[in-house]
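Work through the two exercises below with the sequence and the 3D structure at hand. Each task is followed by a solution in steps.

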Amino acid sequence: MLDLNRLKALHAVHVYGSVGAAADALMVTPSAVSQQLAKLERETGATLLERNGRGVKLTDAAGLLAEHAEKILALVETAEADFEALRGAVVGRLNIGAFPTAARGLMPQALTLLQQRHPDLAVHLSEREPERQIREVARGELDLVVVQDWLNRPIAVPEGLSRATLLDDIADVALPATHALAERREVALAELSGDRWISSSPGTICHDWLVFTLRSAELEPEITCMADEYPTQLALVEAGLGCAIVPRLGRVHIPEGVRMVPIMPRQTRRIYALWRTDAARRPAIRAAVEALVAASRELETGWIS
């Protein structure tokens with residue numbers, strides 16, 4: 001009898017390409033993954049790993065078994081979803097991912113509400129960048145994710161995933177209080193020609209979006225500071241080191257020396273939940289989406305007021 005945990009470990013190595021990466025995805029140690037694979041080798045009587053330079057790679061036998069493991073794990077998930085749907089109870093374990101700003105600005109409210117409504121549901125939250133989240137929910141490592149993209153530059157969502165829009169997060173430009181445009185009611189991006197910019201790190205969705213958006217406005221961005229946390233960006237703006245475009249969800253506190261000015265045309269990112277369509281029958285998925293929607297509406301009400 002093949003053990004599901006060992007098949008899961010093999011499948012993770014097959015998907016992620018190494019024991020270390022598989023361990024990160026499964027949130028265990030590399031030693032634990034290696035032990036599972038060693039036991040699986042004894043169970044099957046086949047060699048599953050072979051040396052490849054400093055690392056290892058799967059043998060042909062392991063590749064074949066990993067393909068079957070993917071189908072088996074999918075069937076197990078479907079069976080669990082059907083059983084939970086039959087019971088109608090919001091129970092079990094739910095693995096949720098969220099991008100950093102949502103993990104701080106949205107998830108505490110949503111998870112508190114979910115815990116109050118469904119105390120028998122065990123929820124585990126992981127902070128992830130949107131692209132990684134999408135891969136992991138599609139593969140089944142995460143059950144539900146909260147991701148974001150910008151309306152002028154959407155990201156691709158694979159087939160087999162369902163979504164629910166949570167909120168539209170408007171972004172304004174953060175200017176030093178001494179900036180010539182700081183007291184304007186609104187500003188066009190073209191009016192910021194010649195300004196220096198503060199951005200998140202290259203390769204992140206927000207950095208790539210900023211460069212794309214400024215170039216679309218015929219501005220070549222001069223990025224002088226990079227920081228992934230919006231509070232840090234705002235502190236750098238207050239110091240007069242540049243401008244930053246900051247969504248409302250990213251504003252825990254606006255420093256006294258910063259002015260938030262609406263941008264024309266309006267810059268908006270959409271925040272939404274994603275889950276595997278095959279798992280939609282799980283009451284836990286539906287309950288989590290309902291809690292996220294309720295928390296999002298509360299946030300939007302606070303922004304309006």
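**Exercise 1.** How many disulfides does the count come to?

Solution. This is a predicted model, in which local features need pLDDT of at least 70, side-chain atom pairs count only at pLDDT 80 or more, and totals for chains, interfaces and linings use all residues. Residues are numbered from 1 along each chain as its sequence is written, and side-chain values use heavy atoms, with hydrogens and water left out.

Step 1. A disulfide is a pair of cysteine sulfur atoms within 2.5 Å.

Step 2. By this rule, the count is zero disulfides. Cys 225 is in none, as its nearest cysteine sulfur, that of Cys 243, is 11 Å away. Seen from Cys 243, the closest cysteine sulfur is in Cys 225, and 11 Å is too far for a bond.

Step 3. Buried means under 20% relative accessible area (1.4 Å probe, protein chains only). Cys 225 has 16% and is therefore buried; Cys 243, with 1%, is buried too.

**Exercise 2.** Describe how helix α1 packs with helix α3.

Solution. Helices here are DSSP runs (H or I, at least four residues), numbered from the N terminus.

Step 1. The axes, lines fitted to C-alpha atoms over the stretch in contact, of α1 (residues 4-16) and α3 (residues 30-44) lie 9 Å apart, at an angle of about 115°.

Step 2. Angles of 65 to 115 degrees count as roughly perpendicular, so α1 and α3 are roughly perpendicular to each other.

Step 3. Contact means heavy atoms within 4.5 Å. Among the residues making the contact are Leu 7 and Leu 10 of α1 and Val 33 and Leu 37 of α3.

Definitions and conventions: Buried means under 20% relative accessible area, exposed over 50%, partly exposed in between (1.4 Å probe, protein chains only). Axes are lines fitted to C-alpha atoms, for helices over the stretch in contact, and angles run from 0 to 180 degrees between N-to-C directions. Helices (H or I, at least four residues) and strands (E, at least two) are DSSP runs, numbered from the N terminus. Angles under 35 degrees count as roughly parallel, over 145 as roughly antiparallel, 65 to 115 as roughly perpendicular and the rest as oblique.
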